[in-house]
Amino acid sequence: MTDIEIRTNIMNVLIECRKERAITQEQLADVFGVKPTTVASWEQGKSLPSPQMLYRLATYYKKTMNYIYGIKE
């Protein structure tokens, strides 16, 4: 898997998970103590959450890290 594919997978999964929870970017930002622009940047693929933040997001969404990375189980 290339870096671009990983970035795209993470971006798409983060959007999907947030919409499943029916929360806004602003609400998610409040939960994790980041700016809404940070969440938007993750979802646009402009930046990636740190590994620690990816783990926290996976836990929050009740998903595996493989799922967050777009790896089908």
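Trainee: Where is Leu 48 found?
Mentor: Leu 48 sits in the loop between α3 (36–43) and α4 (51–61). Keep in mind that this is a predicted model.

Trainee: Okay, and what does Leu 48 count as, buried, exposed or partly exposed?
Mentor: Leu 48 counts as partly exposed, because its relative accessibility is 35%.

Trainee: Which residues is Leu 48 in contact with, leaving aside neighbours within four places in sequence?
Mentor: With those neighbours left out, Leu 48 is in contact with Arg 7, Ile 10 and Trp 42.

Trainee: And what separates the C-alpha atoms of Leu 48 and Gln 27?
Mentor: A distance of 18 Å separates those C-alpha atoms, and the two residues are 21 residues apart along the chain.

Trainee: You mentioned Trp 42. Which residues have the most contacts inside the largest nonpolar core?
Mentor: Trp 42 is one of them, together with Leu 28 and Leu 57, and that core has 16 residues. At least two core residues come from each of α1 (3–20), α2 (25–32), α3 and α4.

Trainee: Which helix gives the most to this core?
Mentor: That's α4, with 5 residues. As a general point, nonpolar side chains in soluble globular proteins tend to be buried together.

Trainee: What does Leu 57 touch, not counting residues up to four places away in sequence?
Mentor: On that count, Leu 57 touches Leu 14, Leu 28, Phe 32, Trp 42 and Pro 49.

Trainee: Switching to α3: is Glu 43 buried or exposed?
Mentor: Glu 43, which is in helix α3, counts as buried because its relative accessibility is 8%.

Trainee: So which side chain does Glu 43 make a polar contact with?
Mentor: Arg 18 is one partner, side chain to side chain at 2.6 Å. The Gln 25 side chain is another, at 2.7 Å from that of Glu 43. Beyond four places in sequence, the residues in contact with Glu 43 are Met 11, Leu 14, Ile 15, Arg 18 and Gln 25.

Trainee: Also in α3, is Ser 41 buried or exposed?
Mentor: Ser 41 lies in helix α3 too, and a relative accessible area of 16% is why it counts as buried. Its side chain makes a polar contact with the side chain of Ser 47, at 2.8 Å. Setting aside neighbours within four places in sequence, Ser 41 is in contact with Lys 46 and Ser 47.

Trainee: How do α2 and α3 pack, at what angle?
Mentor: The angle is about 110°, and their axes are 8 Å apart. The two helices are therefore roughly perpendicular to each other, and their crossing is right-handed.

Trainee: Which residues in α2 meet which in α3?
Mentor: From α2 you have Gln 25, Glu 26, Leu 28 and Ala 29, and they meet Pro 36, Val 39, Ala 40 and Glu 43 in α3.

Key
Residues numbered from 1 in each chain as written. Predicted model: local features only at pLDDT ≥ 70, side-chain atom pairs only at ≥ 80, totals over all residues. Heavy atoms only, no water. Helix = DSSP H or I, 4+ residues; strand = E, 2+ residues; numbered from the N terminus. Buried < 20%, exposed > 50% of the residue type's maximum accessible area, 1.4 Å probe, protein only. Contact = heavy atoms within 4.5 Å. Core = buried A, V, L, I, M, F, W, Y, C linked by side-chain atoms within 4.5 Å. Polar contact = N/O pair within 3.5 Å; in protein donor to acceptor, adjacent residues only side chain to side chain. Axes fitted to C-alpha atoms, helices over the stretch in contact; angles between N-to-C directions. Parallel < 35°, antiparallel > 145°, perpendicular 65-115°, else oblique. Left-handed = near helix turned anticlockwise from the far one by under 90°.
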